[in-house]
Amino acid sequence: MSKPGGPLLPILLLLGMLGMLFPFIWMVVGSVSPRWNAGWFNPFGESASWGNYADLFAAMPFGRFLVNSAVVAAVVTLGNIALCFPIGYALARYRFKGRRALYGSAALVLMVPQYVLVVPMFVLIHQLGWYDTLWAITIPVLVSPLGILLVKGAVSSVPIEIEEAARMDGAGPWRIVYRIVLPICRPTLAVLAVQVFWLTWNAFLFPFILTGENARTMPVALAMFRGYQQVDLPHLFAAATLATLPVVAVFVIFQRQIIAGITAGAVKG
Amino acid sequence: MDSMDRKRSSSEASPWLMTMPWVVTLLVFWAYPLGYALALGFAKYDIFSRTWQWVGFANFRAVLTNSDFWSALGHTAVFTAGTVPATTVLSLLLALALNRRMWGRSVFRAGYFAPTLTATVVTALVFIHLYGQGGYLFRLAQFTGLPLPSQGFLLSESTALVSVMLMDVWVSIGYYALLFLAGLQAVPQELVEDAQMHGANSWQRFWAITWPYLRPTMLYAIVINLIKSLQIFTEIFVMTQGGPVGSTTTSVYHVYTAAFERFDLGYASAAAYLLFVIIALVSVIQFRLLQFGRGAEE
């Protein structure tokens with residue numbers, strides 16, 4: 001942190017921030033406005049209409065889309081922590097045949113662009129009979145190469161003496177992994193959790209291609225919602241606000257971890 | 001099994017057991033689809049009757065001779081070349097500003113980060129209306145007195161792509177600023193204060209002290225931003241559907257329409273693989289260039 005500046009910088013930053021936030025303020029205000037005139041309204045002139053939100057749930061199964069999004073984001077986040085940890089641990093600690101190949105494969109597929117997989121995944125999910133189920137958008141992303149690389153790096157920097165002491169006390173390999181080493185790597189896992197939650201909650205391409213009406217998530221529902229002719233802006237913005245609230249809630253609650261998370265990733269990267 | 005055997009087998013079996021989820025994921029959800037896509041690239045596959053017909057290099061030839069493929073690649077290049085440098089410079093400036101001690105610092109950090117947090121679909125929906133005829137941004141632009149497209153920014157061939165690019169920069173600044181802010185924490189304060197005492201101005205201090213510490217973060221930020229920009233899809237799908245007149249059709253959108261509007265899975269796979277190769281080459285070249293500049297101090 002460098003020296004304190006004058007009042008000019010904070011004022012500039014404040015103005016800039018209001019500019020950054022304006023679209024969202026507009027979205028929330030618009031979501032409760034009863035009338036709309038070509039995208040131009042006076043938020044102070046009319047009384048707020050919370051009925052827009054109730055209309056949403058009456059018109060479309062928005063409750064189900066929200067639950068789908070929440071279930072997928074939660075399962076994928078927890079799954080990544082529970083599954084990537086032993087993988088990264090094994091790659092860091094054991095010398096076994098195929099270790100280098102496995103580590104290399106994680107680094108390699110991290111560079112594969114998503115769209116190369118779009119067509120074959122569409123076919124594969126149909127072959128598995130998973131189309132329009134939550135399996136389709138959960139199982140393939142339950143283990144992420146990013147998670148493996150992050151955990152491997154974190155475990156490598158944990159002193160091995162800690163594990164040897166635990167082993168002397170008779171702890172088995174799984175107990176060592178989950179009870180001894182995992183808690184030490186909590187900062188890295190926070191990074192991973194935040195990254196995975198955020199990516200999963202906001203994911204569009206694969207949920208869009210692999211689901212229909214039943215397993216649809218919030219972002220896809222929103223994009224589809226736009227296509228309905230009768231949808232007016234207040235209702236669209238109410239839906240958009242609903243899709244945003246959970247992420248904002250997570251951010252407000254875990255702000256410290258999120259910033260620490262992104263920070264840690266960047267310094268390592 | 002005696003006790004000696006059990007002990008050995010439990011300690012030797014674990015790495016295999018531990019890595020099993022990755023082996024399965026790798027084979028089923030990466031290797032198989034990648035192989036399948038490559039095979040599709042050499043085939044005509046009928047999605048309804050599920051029949052294959054090998055066609056050799058016909059799909060690749062079709063892609064390379066399709067002017068739409070090349071113009072989509074051009075749009076992607078414009079998008080990337082425009083947004084990556086703009087985002088990098090602006091977010092670095094923001095990070096340097098936020099790194100100063102002042103009131104409201106944590107509020108600013110959260111505020112600037114908020115757009116990044118929001119789903120791309122949500123942001124895109126809001127911006128459709130900000131950019132539209134009568135939207136706030138459109139009305140704001142009217143004050144400049146410049147000739148504006150009467151249909152709104154997204155419905156005009158000349159402004160649609162630039163509008164999506166501006167939104168992308170706006171969304172990304174907070175995220176990369178946070179990355180740079182993290183990188184700045186690695187700069188030793190004693191060095192900065194020392195330089196300050198010896199009369200170095202802030203420009204000199206930045207290049208001599210801050211920059212070398214910031215470079216790894218910079219490399220990381222540029223590489224991930226580049227990869228992300230070359231794959232731009234969601235914004236295009238929600239905001240413009242590739243139009244007007246194909247002026248915002250990016251590479252991934254081109255692949256998408258081939259696969260899911262024309263159901264030409266062979267063409268789509270061939271195009272996806274060609275893009276993959278192109279992007280891999282760009283990444284390698286970029287990495288070499290950035291690594292080369294680094295050699296001096298190490």
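Helices (H or I, at least four residues) and strands (E, at least two) are DSSP runs, numbered from the N terminus. This is a predicted model, in which local features need pLDDT of at least 70 and side-chain atom pairs count only at pLDDT 80 or more, while totals for chains, interfaces and linings use all residues. Residues are numbered from 1 along each chain as its sequence is written, and chains are lettered from A and ligands numbered from 1 in the order in which they are written.

Start by selecting B:Leu191, which sits in helix H8 (residues 189-197) of chain B. This residue counts as partly exposed because it has 14 C-beta neighbours inside 10 Å (20 or more would be buried, 12 or fewer exposed, with C-beta atoms placed from the backbone).

Next, colour chain B by domain. An automatic or database assignment gives domain 1 (3-41) and domain 2 (60-297). Four residues from domain 1 of chain B and seven from domain 2 of chain B make the contact (C-beta atoms, placed from the backbone, within 7 Å).

Finally, go to chain A and show helix H3 (residues 62-93) with helix H10 (residues 186-202); their axes come within 9 Å and cross at roughly 150 degrees (lines fitted to C-alpha atoms over the stretch in contact, with angles from 0 to 180 degrees between N-to-C directions). H3(A) and H10(A) are therefore roughly antiparallel (angles over 145 degrees). To see where they meet, pick residues including A:Val76 and A:Ile81 in H3(A) and A:Leu192 and A:Phe197 in H10(A).

Notes. Two residues are in contact if their C-beta atoms, placed from the backbone, lie within 7 Å. Angles under 35 degrees count as roughly parallel, over 145 as roughly antiparallel, 65 to 115 as roughly perpendicular and the rest as oblique.
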